[in-house]
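Please look over the model shown here before reading the notes. They are meant to be checked against the coordinates.

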Amino acid sequence: MTTYVLATDSVDASARICDYLHERLAADDTVHAVNSKRGGDETTAEEIRFGEDALNVVASRLGAAATVETHQFVRGNAPAADVLECAEEVEADEVLIAVRHRTPAGKALFGSVAQTILLEAERPVVSVPRE
């Protein structure tokens, strides 16, 4: 039995991670799909809906192969903090993230949830390319 935490911020990220994970899943595995938004003035209703769509992709693609639980957090935390906290709470064996190539300027201006997860996780992290 393996417990995964899958961090997603889009339908595309969910699809890429599901493609990777589908062949690895066993019936007794559990996948916790996490979408996190800061909330308040920093998050629109449309962004919440996009997060729900991303979680629905995971549930529909992997639900027949393993137990899937979806979590959408909108509680003022940084997304990386929510993902890492969930991984600790469920004692995840592995954290899965989708990454895309960004320019150095893009990383400096906008930060990187994936980078924070990679640097701060106390569990194995698998990065799946988006492109």
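1. Basis. This is a predicted model, in which local features need pLDDT of at least 70 and side-chain atom pairs count only at pLDDT 80 or more, while totals for chains, interfaces and linings use all residues. Residues are numbered from 1 along each chain as its sequence is written, and side-chain values use heavy atoms, with hydrogens and water left out.

2. Sheet. Five strands make an open sheet, ordered E3-E2-E1-E4-E5, with parallel pairing. Helices (H or I, at least four residues) and strands (E, at least two) are DSSP runs numbered from the N terminus, and two strands pair if DSSP finds at least two bridges between them. E3 and E5 are the edge strands, each pairing on one side only. From one strand to the next the twist averages 20°; axes are lines fitted to C-alpha atoms, for helices over the stretch in contact, and angles run from 0 to 180 degrees between N-to-C directions. E1 and E4 run parallel and are joined by 3 bridges. Leu6 has Leu96 in E4 as its bridge partner.

3. Helices on the sheet. H1 lies across E1, E2, E4 and E5, at about 130° to E4. Helix H5 (residues 113–120) also packs on the sheet, touching E1, E4 and E5, and its direction makes about 150° with that of E4. Contact here means heavy atoms within 4.5 Å.

4. Helix H3. Which residues of H3 (residues 79–89) are buried? They are Ala80, Asp82, Val83, Leu84, Cys86 and Ala87. Buried means under 20% relative accessible area, exposed over 50%, and partly exposed in between, with a 1.4 Å probe and protein chains only. The cover over these residues includes E1, E2, E3, E4 and H5. Just after H3, Glu91 has a positive phi of about 55°.

5. Nonpolar cores. A nonpolar core is a set of buried Ala, Val, Leu, Ile, Met, Phe, Trp, Tyr and Cys residues joined through side-chain atoms within 4.5 Å. The largest has 17 residues, of which Leu6, Leu21, Leu25, Val31, Val58 and Leu62 touch the most other members. At least two residues of this core come from each of E1 (3–7), H1 (11–22), E2 (30–37), H2 (45–62), E4 (94–99) and E5 (125–129). H1 gives the largest share, 4 residues. Apart from this core lies another of 15 residues, among them Phe73, Leu84, Val95 and Ile97. Leaving aside residues up to four places away in sequence, Leu6 touches Ile17, Val31, His32, Ala33, Val34, Val58, Leu62 and Leu96.

6. Val68. This residue lies in strand E3 (residues 67–74). Is Val68 buried or partly exposed? Val68 is partly exposed, with a relative accessible area of 21%. Residues up to four places away in sequence not counted, Val68 touches Val31, Val58, Ala59, Leu62 and Gly63. The C-alpha atoms of Val68 and Asp82 are separated by 18 Å, with the two residues 14 apart along the chain.

7. Cysteines. The structure holds 0 disulfides, a disulfide being a pair of cysteine sulfur atoms within 2.5 Å. Cys18 is buried at 0% relative accessibility, and Cys86 is buried with a relative accessible area of 4%.
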